Amino acid sequence: MDRYGRGMTTAPFPDLRLRRTRRTGWSRAMVRETQLSPSNLIWPLFVCPGTGVEQPVASLPGVSRWSVDAIVARAKEAAAAGIPCVALFPYTEAERRTEDGHEALNPDNLMCRATAAIKDALGDAIGVLTDVALDPYTSHGQDGLVDDAGYVLNDETVEVLVGQALVQARAGTDIIAPSDMMDGRIGAIREALEVEGFGHVQIMSYAAKYASAFYGPFRDAVGSRGILKGDKKTYQMDPANVEEALREVAMDLAEGADSVMVKPGLPYLDVVRAVKECFAVPVYAYQVSGEYAMIEAAAAAGAGDRDALVLETLLAFRRAGASGVLSYHALHAARLLNG
Ligand code: PBG
């Protein structure tokens with residue numbers, strides 16, 4: 001028998017009654033095939049300037065941007081709930097955005113300050129994952145440098161991404177997460193980390209990242225929405241492709257990625273499963289902003305119970321083979337799981 005049951009032999013009804021083991025809670029617990037715990041969750045957080053600041057994100061009800069001091073408090077809550085890692089994204093004001101996104105290389109930028117502050121306060125009680133890509137810093141909202149025609153340049157962008165990864169490593173990040181989809185950036189970042197004495201810093205590659213309609217609220221949160229011209233289809237993947245996702249993963253692993261990510265999440269569980277079956281490596285999935293907003297909208301419309309929707313979708317990622325899930329519901333879910 002294979003894992004899909006082909007070649008399975010079963011006793012005929014009524015010798016086999018599959019409802020027998022479903023009859024009671026203790027019995028369902030005994031035969032449960034998949035576990036979800038707070039250690040499977042990564043909580044994305046948006047950092048904004050100032051002190052004592054909370055800015056709710058309109059298109060993500062329940063999600064806010066927080067100033068660095070408040071981010072530290074959020075990280076403490078996450079650690080206390082058993083979440084092993086937070087993922088940081090910056091909100092960059094329009095006046096700090098430039099054509100080349102050079103704020104990404106500022107060792108004193110919001111990402112670096114938030115990273116250092118969390119590490120100062122919490123040490124190894126929680127991991128910090130930092131995003132590498134230029135979109136929060138560019139005046140055009142693309143993830144890389146663009147030529148006169150607006151085409152995102154690969155090799156020139158990779159050079160900047162290496163610099164961005166190094167300022168984050170110097171600030172104390174634990175995991176570099178390139179979300180830019182340039183070719184060859186994992187190898188270039190890995191080599192620079194080794195040369196600069198950051199051999200212990202992990203790389204979680206956004207290996208299979210699709211050009212998706214589910215990122216809208218995130219672009220709001222980082223301040224990119226109004227300014228992004230066009231789309232990201234010349235570098236992010238076509239939602240129609242899965243073989244290409246396997247090539248992306250193979251390439252990033254060969255270049256030294258420690259783990260890989262599939263993004264978005266729920267509409268791409270087949271990709272999570274395919275990656276897990278092809279490569280014996282940790283696979284993560286990103287339940288992205290549009291997915292979060294859909295669950296919140298469904299719950300607000302009375303179409304389902306919010307807590308049940310949250311836990312069922314997160315469990316589905318685990319069943320598909322994900323080691324963990326980045327989710328804006330992470331803290332809420334961890335608290336539910338902790339009872
Ligand atoms: C950009 C980036 C995006 C997200 C994470 N990093 C958006 C994009 O590619 O435009 C989306 C996350 C989400 O929607 O929650 N480097």
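Phe 46 and Tyr 328 are both buried. Keep in mind that what you're looking at is a predicted model.

So what do these two do with each other? Their ring centres sit 5.8 Å apart with the planes at 15 degrees, and since under 30 degrees is the cut-off, the pair counts as stacked. Phe 46 belongs to strand S1 (residues 41–47), while Tyr 328 is in the loop between strand S10 (324–327) and helix H11 (330–337), so this pair ties together parts that are 282 residues apart in sequence.

Ring pairs join Phe 46 and Tyr 328 with Phe 89, Tyr 206, Phe 218, Tyr 286 and Tyr 292 in a cluster.

Tyr 328 turns up again at the ligand, where it is listed among the closest residues along with Arg 219, Lys 232, Lys 263 and Ser 289. In total, 17 residues surround the ligand.

| Residue | Ligand atom | Distance |
|---|---|---|
| Ser 179 | nitrogen | 2.7 Å |
| Lys 209 | oxygen | 2.8 Å |
| Lys 263 | nitrogen | 3.2 Å |

On its own the ligand would expose 400 Å², and the protein buries 100% of that.

Now for the outside. Which residues make up a nonpolar patch on the surface? Trp 26, Met 30 and Val 31 do, and together they have about 400 Å² of accessible area. Met 30 is part of helix H1 (residues 25–31). Its relative accessibility is 66%, so Met 30 counts as exposed.

Methods: Residues numbered from 1 in each chain as written. Predicted model: local features only at pLDDT ≥ 70, side-chain atom pairs only at ≥ 80, totals over all residues. Heavy atoms only, no water. Patch = residues over 30% accessible without salt bridge, like charges linked within 9 Å, V, L, I, M, F, W, Y side chains within 5 Å. Areas by Shrake-Rupley, 256 points an atom, 1.4 Å probe, with all protein chains shown as cover. Salt bridge = Lys/Arg side-chain N within 4 Å of Asp/Glu carboxyl O. Helix = DSSP H or I, 4+ residues; strand = E, 2+ residues; numbered from the N terminus. Buried < 20%, exposed > 50% of the residue type's maximum accessible area, 1.4 Å probe, protein only. Near = heavy atom within 4 Å. Polar contact = N/O pair within 3.5 Å; in protein donor to acceptor, adjacent residues only side chain to side chain. Phe/Tyr/Trp six-rings, centres within 6.5 Å; stacked < 30°, edge-to-face > 60°.
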